[in-house]
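Welcome, and thanks for taking a look at this one.

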Number of protein chains: 2
Amino acid sequence: MTVQVSVVEQIMSANDQLAAANRARLDEAEVFAINIMASPGAGKTSLITRTVEALRGEYRIGAVDGDIATTLDADRIAALGVPTVQINTGGTCHLDAAMFQNALPRLPVGELDLLIVENVGNLVCPASFKLGVHRSVLIASVPEGDDKPYKYPVMYRGVDALVLNKIDVLAAFDFDVDYFRRGVEALNPGLAFFPLSCKTGEGLESWLGWVLEAMKSGCSAGSIR
Amino acid sequence: MTVQVSVVEQIMSANDQLAAANRARLDEAEVFAINIMASPGAGKTSLITRTVEALRGEYRIGAVDGDIATTLDADRIAALGVPTVQINTGGTCHLDAAMFQNALPRLPVGELDLLIVENVGNLVCPASFKLGVHRSVLIASVPEGDDKPYKYPVMYRGVDALVLNKIDVLAAFDFDVDYFRRGVEALNPGLAFFPLSCKTGEGLESWLGWVLEAMKSGCSAGSIR
């Protein structure tokens with residue numbers, strides 16, 4: 001067991017160093033980067049395509065798409081005409097800073113304003129691996145249930161904004177928004193919160209406002225995510 | 001990297017050995033055990049409570065409930081009057097054979113007919129860790145989307161039955177059942193498939209029939225899962 005823990009600690013520390021290097025590279029190029037995390041099927045690709053559609057007229061956007069298999073999500077994003085790099089993790093349950101570092105040279109980083117990273121669909125593991133971006137965002141979705149902050153606290157604790165997607169089906173599910181939010185507040189007080197529907201478009205304006213405000217704050221501010 | 005891979009291989013091999021020991025113990029006690037896996041919020045606890053409610057009159061059932069934090073799910077199952085052991089993984093993204101081994105002495109194994117294990121909500125990592133049970137079951141859910149077999153192939157490949165939960169909301173989502181099933185068939189031909197709704201009860205009879213058939217086949221048959 002001692003060997004195992006020591007190796008894991010070394011991997012984490014190496015990951016943090018690579019994340020810091022990635023962040024420095026993005027800062028130098030003045031590209032603002034966001035890491036999107038969520039359970040499988042919560043709507044990561046949908047939120048990214050909605051965001052790209054809304055902002056691509058004014059900003060130069062790129063994407064990195066992490067998946068265990070297939071290029072289905074990357075294809076959806078690339079179809080919008082933004083440079084997109086697919087990271088196929090080959091079974092690994094999260095992106096890490098080394099994978100992100102390998103993706104960067106395959107993007108025209110110097111020509112971008114915003115880089116959006118879609119992590120692997122997983123509400124546990126991605127929370128433990130910094131990539132070297134500026135903000136991390138979690139998407140919850142109504143059908144997942146209102147108890148997820150209580151049951152997956154690490155993920156909820158470490159993010160800068162929380163999207164609650166699929167509010168168009170709130171009536172079909174027993175989802176208590178107050179109970180959900182109390183769980184979130186206990187872990188991450190004051191967390192920016194955006195209930196919305198990628199399907200209908202309801203609530204997207206507030207989310208887009210947050211993205212633009214975050215971009216305006218500049219690349220050098222904030223923790224390495 | 002060589003060191004990392006070698007440690008991981010040793011951990012997996014140790015896990016398989018523990019899983020075999022767990023299975024031998026269950027076989028000796030003639031307890032049939034099922035491991036339920038799924039994304040967060042797909043309906044693991046709901047399927048287990050539905051199954052317990054339907055079968056507890058005729059069979060002696062126990063449960064093991066894995067979660068990263070809280071006893072919310074275990075409380076729901078224990079409320080039905082069946083012996084339930086909570087495994088709090090403390091952050092780990094899956095159950096493993098050692099955790100399951102530690103849970104067994106806390107259950108009246110010799111007095112049970114059926115033991116249901118609820119894994120951590122995760123569509124990736126639990127697929128790689130055998131526990132030592134008789135069958136593994138995956139729950140997909142309609143709101144997750146019809147592309148999940150393509151994107152999470154390892155999980156779909158390694159299970160003995162697939163439940164598609166939340167079919168009561170099929171009309172509210174763009175879920176192509178044929179596309180979904182084609183993806184499943186390519187990975188796991190002939191896989192037992194049970195579309196159902198834990199909310200309305202529709203489709204539960206076929207699932208319960210499968211559980212009873214599996215129990216009848218006896219403890220000594222089948223792979224170690």
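## A first look

Leu26(B) sits in helix 1 of chain B, a helix that covers residues 2–29. Please keep in mind that the model is predicted.

- Is Leu26(B) buried or exposed? Leu26(B) counts as buried, because its relative accessibility is 0%, and the cut-off for buried is under 20%.
- Leaving aside neighbours within four places in sequence, Leu26(B) is in contact with Val31(B), Ala33(B), Phe100(B), Leu104(B) and Val109(B), and also with Leu115(B), Gly132(B), Val133(B), His134(B) and Cys219(B).
- Ala127(B) is 101 residues away from Leu26(B) along the chain, and their C-alpha atoms are separated by 21 Å.

- Glu30(B) has a positive phi, near 55°, although it is not a glycine.
- Glu30(B) belongs to the loop that links helix 1 with strand 1 (32–38) of chain B.
- With a relative accessible area of 61%, Glu30(B) is exposed, because the cut-off for exposed is over 50%.
- Thr70(B) is another residue other than glycine with a positive phi, in this case near 70°.
- You can find Thr70(B) in the loop between strand 2 (61–67) and helix 3 (72–78) of chain B.
- Thr70(B) is partly exposed, with a relative accessible area of 24%.

- Helix 2 of chain A runs over residues 44–55, which makes 12 residues. From its first C-alpha to its last, helix 2 of chain A reaches 17 Å, close to the 16 Å expected at 1.5 Å a residue.
- Which residues of helix 2 of chain A are buried? They are Lys44(A), Thr45(A), Leu47(A), Ile48(A), Thr49(A), Thr51(A), Val52(A) and Leu55(A).
- The axis of helix 2 of chain A comes within 11 Å of the axis of helix 8 (residues 204–216) of chain A, and the two cross at roughly 75°. Helix 2 and helix 8 of chain A are therefore roughly perpendicular to each other.
- On the helix 2 side of chain A, Leu47(A), Arg50(A), Thr51(A), Ala54(A) and Leu55(A) take part; they meet Leu204(A), Trp207(A), Leu208(A), Val211(A) and Leu212(A) of helix 8 of chain A.
- By class, the contact of helix 2 with helix 8 in chain A has 8 nonpolar residues, 1 polar and 1 charged.
- Ser206(A) also lies in helix 8 of chain A, and Ser206(A) counts as partly exposed at 46% relative accessibility.
- Between the C-alpha atoms of Ser206(A) and Gln17(A) there are 34 Å, with 189 residues separating the two along the chain.

**Helix 2 and helix 8 in chain B**

- Helix 2 (residues 44–55) and helix 8 (residues 204–216) of chain B pack with their axes 11 Å apart, at an angle of about 70°. These two helices of chain B are therefore roughly perpendicular to each other.
- Helix 2 of chain B contributes Leu47(B), Arg50(B), Thr51(B), Ala54(B) and Leu55(B) to the contact, while helix 8 of chain B contributes Leu204(B), Trp207(B), Leu208(B), Val211(B) and Leu212(B).
- The contact in chain B is made up of 8 nonpolar, 1 polar and 1 charged residues.

**An exposed loop residue in chain A**

- Ala171(A) is placed in the loop between strand 6 (161–165) and helix 7 (177–187) of chain A.
- At 84% relative accessibility, Ala171(A) counts as exposed.
- Asn15(A) is 156 residues from Ala171(A) in sequence and 42 Å from it in space, C-alpha to C-alpha.

**How the chains go together**

- Chain B is superposed on chain A by a rotation of 180° with 0.0 Å of shift along the axis, and the RMSD is 0.0 Å. The two copies are thus related as by a two-fold rotation axis.
- The same surface serves both copies, as 100% of the contact residues of chain B recur in chain A.
- Lys151(B) is in helix 5 (residues 148–151) of chain B, and Lys151(B) is buried with a relative accessible area of 5%.
- Which residues does Lys151(B) touch, not counting residues up to four places away in sequence? Lys151(B) touches Asp67(A), Ile68(A), Ala69(A), Thr70(A), Leu72(A) and Asp73(A).

How values were computed. Residues are numbered from 1 along each chain as its sequence is written. Chains are lettered from A and ligands numbered from 1 in the order in which they are written. This is a predicted model: local features need pLDDT of at least 70, side-chain atom pairs count only at pLDDT 80 or more; totals for chains, interfaces and linings use all residues. Side-chain values use heavy atoms; hydrogens and water are left out. Copies are superposed by least squares on the C-alpha atoms of residues with pLDDT of at least 70 in both. Contact means heavy atoms within 4.5 Å. Helices (H or I, at least four residues) and strands (E, at least two) are DSSP runs, numbered from the N terminus. Buried means under 20% relative accessible area, exposed over 50%, partly exposed in between (1.4 Å probe, protein chains only). Axes are lines fitted to C-alpha atoms, for helices over the stretch in contact, and angles run from 0 to 180 degrees between N-to-C directions. Angles under 35 degrees count as roughly parallel, over 145 as roughly antiparallel, 65 to 115 as roughly perpendicular and the rest as oblique. Ala, Val, Leu, Ile, Met, Phe, Trp, Tyr, Cys and Pro count as nonpolar, Asp, Glu, Lys and Arg as charged, and the others, Gly among them, as polar. The expected span of a helix is 1.5 Å times one less than its number of residues.
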